[in-house]
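Please look over the structure below before reading the notes that follow.

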Amino acid sequence: MSTTHAPRKREEAGSTTDPLRLNDVDHVRFHVGNAKQAAYFYAHCFGFQIEQVADLTTGSRDEAAYLLTQGNIRMLLTTGLGESHPAQQEVMRYGDGVKDIAFNVADAVAAWEKAVANGAEPAYEPIERTDAKGTVVTAGIKTFGRVVHSFVSRTGGYDMETVKNGGVFMPSFERIEALPLNDYNREHPCGLYYVDHCVGNVELGKMNHWVSWYENVLQFKLFKHFDDKDISTEYSALMSKVMDSGRELIKIPINEPAEGKRKSQIEEYLEWHRGTPGIQHLAFLTDDAVDSVGELHRRGVDFLTIPDAYYDLVWDRVGEIREDREKVKDLQLLVDRDEDGYLLQIFTRPLQDRPTLFFEIICRRGSRSFGKGNFKALFESLEIEQERRGNL
Ligand code: FE2
């Protein structure tokens with residue numbers, strides 16, 4: 001049996017360690033309409049292991065949650081089992097989407113207290129879940145729109161290393177054994193292993209507000225390689241600034257719409273997201289874009305298509321790359337180079353019926369930027385998609 005209650009007030013540890021030192025992305029939590037089916041979709045299309053579950057069979061009476069893992073990516077898919085559950089309320093408003101980018105920290109209560117002292121609005125008070133294995137403490141702050149950041153600290157058998165090695169995620173979860181799809185995915189890996197970045201869409205005029213929020217509350221830095229003049233072209237009709245957690249943990253680019261000739265992708269997102277800011281895309285790292293995207297294509301992942309003309313010009317722009325150029329073109333990978341190296345990237349179409357959340361697959365060969373040389377081709381492709389949806 002597990003118990004859930006408010007944790008004891010933390011004794012002052014006297015440690016010099018900053019409570020807001022983020023160790024890892026603990027997990028990314030989605031609110032979905034049907035976690036059981038969504039788990040199958042993400043596992044089938046993107047090669048995740050459906051590793052653990054908390055539902056009625058494990059004693060979870062009000063929600064069902066599936067933990068999907070691949071490399072160091074942990075996605076938690078949550079569905080409410082009653083209409084008053086917040087996940088059900090949000091699915092009604094926004095459709096399926098990302099609710100929480102949760103950070104692993106040494107002490108969730110201390111991190112939460114410091115973030116609140118830095119100006120964060122609490123999303124929820126600290127919760128301690130304890131059983132015979134150990135303890136998981138979570139505490140949440142609100143960021144843009146419907147999104148929260150939880151701080152998660154783990155002790156005993158729930159520590160992060162144990163979880164990464166297949167240990168139980170938190171009280172009320174159980175490992176799923178003997179699932180044929182998991183066996184298939186182990187034999188046919190997609191090679192995704194890390195959340196490279198996680199992009200938020202905010203309202204017109206609000207980007208700099210949230211840039212300051214990440215600086216002040218979470219002590220993120222504006223990413224030094226970014227040049228916002230390059231992104232606000234007439235094609236892009238958006239502005240973006242990239243916030244960096246430091247220590248290569250995660251980057252959070254923040255987009256806002258900008259004046260353009262036609263409706264921007266950000267405006268389309270907000271229109272179908274009740275005007276509420278949220279997560280536009282998650283980018284997953286692979287070390288082999290050709291292998292990964294080849295496998296994802298075989299699994300039927302629905303990617304944006306890129307006009308052939310893109311490949312008439314791209315090689316002059318990026319020069320030699322390690323990958324076979326024909327394969328890159330066949331897979332419709334986008335390529336970009338900066339002063340540090342190059343990257344390959346590709347974007348899915350929306351992952352649900354509303355044109356909101358999508359995924360990016362990215363492979364970095366030295367480059368630490370975001371493919372700004374691809375924006376023109378990418379946005380032309382997105383405009384074609386918006387036109388198909390009657391949203392341009
Ligand atoms: Fe991206």
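**Iron site and its surroundings**

The iron ion has His197 (NE2), His281 (NE2) and Glu360 (OE) as its protein donors, at 2.0 to 2.1 Å. Donors are N, O and S atoms within 2.8 Å of the metal (3.2 Å for Na, K and Ca), and since water is not among the atoms, sites may look incomplete. This is a predicted model, in which local features need pLDDT of at least 70 and side-chain atom pairs count only at pLDDT 80 or more, while totals for chains, interfaces and linings use all residues. Residues are numbered from 1 along each chain as its sequence is written, and side-chain values use heavy atoms, with hydrogens and water left out.

- Along the chain, the donors of the iron ion have the spacing H-x83-H-x78-E.
- His197 belongs to strand β11 (residues 192-201) and Glu360 to strand β18 (residues 358-365), so this pair ties together parts 163 residues apart in sequence. Strands (E, at least two residues) are DSSP runs, numbered from the N terminus.
- Both His197 and Glu360 are buried, where buried means under 20% relative accessible area (1.4 Å probe, protein chains only).

**Strand β5**

- Eight of the eight residues of strand β5 (residues 73-80) are buried, so the strand is largely enclosed by the rest of the structure.
- Ile73, Met75, Leu77 and Thr79 point one way from β5, while Arg74, Leu76, Thr78 and Gly80 point the other way.
- Strand β2 (residues 24-31) runs parallel to β5 and is joined to it by four bridges; two strands pair if DSSP finds at least two bridges between them. His31 stands opposite Thr78 in β5.
- Strand β4 (residues 63-70) runs antiparallel to β5, with eight bridges between them. Gln70 has Ile73 of β5 as its bridge partner.
- The hairpin of β4 and β5 has two residues between the strands, and Gly71 in the turn has a positive phi of about 55°.

**Aromatic rings**

- There are 18 aromatic pairs in the structure. Rings of Phe, Tyr and Trp (its six-membered ring) pair if their centres lie within 6.5 Å; planes under 30 degrees apart count as stacked, over 60 as edge-to-face and the rest as tilted.
- One of the pairs is Trp213 with Tyr214, edge-to-face at 4.8 Å centre to centre and 75° between the planes; Trp213 and Tyr214 are buried.
- A cluster linked by ring pairs contains Phe30, Phe41, Tyr42, Phe46, Phe48, Phe284 and Phe359.

**Charges over rings**

- Arg154 lies over the face of Phe169, 4.7 Å from the ring centre. The criterion is NZ of Lys or CZ of Arg within 6 Å of the ring centre and within 35 degrees of the ring normal.
- Arg364 lies over the face of Phe370, at 5.3 Å from the ring centre.

Technical notes:
Buried < 20%, exposed > 50% of the residue type's maximum accessible area, 1.4 Å probe, protein only.
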